[in-house]
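This briefing goes through one protein model by topic. Please keep the sequence and the 3D view open while reading.

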Amino acid sequence: MNIIQATNYQDMSNQTAELIIDTVRNNDYVTLGLATGGTPKGTYQQLVKDHQLNQTSYQHVTTFNLDEYVGMRPTDPNSYRYYMDQYFFDEVDIPEQNIHIPNGMAEDLPRECARYEKQIDDTNGIDLQILGIGKNGHIGFNEPGTAFESTTHVVELAHSTRKANARFFNHLDDVPTHAITMGIATIMKSKQILLLASGEDKAEAIRKLIHEEVDEHMPASVLRHHSNVTIIADQNALVSA
Ligand SMILES: O=P(O)(O)OC[C@H]1O[C@](O)(CO)[C@@H](O)[C@@H]1O
């Protein structure tokens, strides 16, 4: 695993954006795997800035998001679709038909998961996957104990994850209990992975990821079995590493 130490959140965001921009500019077709949450917001801001300043185009880019809440309409401000529109898609020239996010409103959720997984495979897989990390080591919404062989599936969110995400909602009770997420095996099929982490809150998870053994109770640890992973973390997230 490569580890890039950034000085702070802004530096982490700038360095991540530069790597994404390089990939987007230097390939005729690119499939990006995208993450939500607080961590990648600054990266999207940099991508949008670069699109406005340097006209980096996303016409040839296809995207697959990691996850979406079950039962949440895309127009709900707390949905990940809304987040992506707000911070990235509405601000660049990506064609609507190139955007993919699991449909949390699907009536048949297992079927939606299978459809999403197949769509990723049919697009020839993800070239560059962006990941955040939960304090408990989750990637996407794959909570501790998720099988490393898992593909896109429905998960029940850990209480700690709902609590952490409650900051985006009015009340903890409003945080959905379930989500659709790419599985660990789906993430591992990506050709290249960038995992971002900022702040002391993530230091313990990053320490375990780097130093402890690969174990399903620490979902992110699976990344040590991937041949092209870069951790881009700021100093605070690396204090224990
Ligand atoms: O970036 P944050 O907000 O700390 O979240 C970390 C991780 O948790 C999630 O938001 C899910 O809880 C992921 O999407 C994200 O990668």
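Which residue of β8 is the bridge partner of Y69? The bridge partner is A179. The structure is a predicted model, and its chain averages a pLDDT of 97.

**Confidence**

- A pLDDT of at least 70 is reached by 100% of the residues.
- For the complex, the predictor reports an ipTM of 0.93 and a pTM of 0.97.

**The seven-stranded sheet**

- An open sheet of seven strands has the order β1-β10-β9-β6-β2-β3-β5, with parallel pairing.
- Its edge strands are β1 (2–6) and β5, and each of them pairs on one side only.
- β1 is joined to β10 by five bridges, and the two run parallel; in this pair I3 stands opposite I231 of β10.
- β10, in turn, pairs with β9 in the parallel sense over five bridges, strand β10 being residues 229–234.
- Within that contact, L196 has I232 in β10 as its bridge partner.
- Between β9 and β10 the chain passes through helix α7 (residues 203–211), and this β-α-β crossover is right-handed.
- On to the next neighbour in the order: β9 pairs with strand β6 (residues 128–131) in the parallel sense over four bridges, and L131 has L195 in β9 as its bridge partner.
- β6 also pairs with strand β2 (residues 30–34), again in the parallel sense, over two bridges; here G33 stands opposite Q129 in β6.

**Burial of strands in this sheet**

- Strand β9 (residues 192–197) has five of its six residues buried, so it is largely enclosed by the rest of the structure.
- β10 is mostly covered as well, with five of its six residues buried.

**The ligand shell**

- The residues around the ligand are A35, T36, G37, G38, T39, G132, I133, G134, F141, T161 and N165.
- How many nonpolar, polar and charged residues does the shell have? It has three nonpolar and eight polar residues, and no charged residues.

**Loop residues with positive phi**

- Most residues other than glycine have a negative phi.
- Q55 is not a glycine, yet it has a positive phi of about 60°.
- Q55 sits in the loop between α2 (41–54) and β3 (61–65).
- Is Q55 buried or exposed? Q55 counts as exposed because it has 8 C-beta neighbours inside 10 Å, and a residue with 12 or fewer is classed as exposed.
- N124 is also not a glycine, and its phi is positive at about 75°.
- The place of N124 is the loop between α4 and β6.
- N124 has 11 C-beta neighbours inside 10 Å and therefore counts as exposed.

**Partly exposed loop residues**

- M105 is in the loop between β5 (99–100) and α4 (109–122).
- Why is M105 classed as partly exposed? The reason is its count of 16 other C-beta atoms within 10 Å, because the class covers counts between the exposed limit of 12 or fewer and the buried limit of 20 or more.
- M105 and M72 are 33 residues apart in sequence, and their C-alpha atoms are 6.2 Å apart in space.
- P176 lies in the loop between α5 (159–165) and β8, the strand that contains A179.
- With 18 other C-beta atoms within 10 Å, P176 is partly exposed.
- P176 and A166 are ten residues apart along the chain, and 9.6 Å separates their C-alpha atoms.

Notes
Residues numbered from 1 in each chain as written. Predicted model: local features only at pLDDT ≥ 70, side-chain atom pairs only at ≥ 80, totals over all residues. Near = placed C-beta within 6 Å. Nonpolar A, V, L, I, M, F, W, Y, C, P; charged D, E, K, R; others polar. Pairing = 2+ DSSP bridges. Right-handed = clockwise from strand over helix to strand, strands pointing away. pLDDT = per-residue confidence, 0-100.
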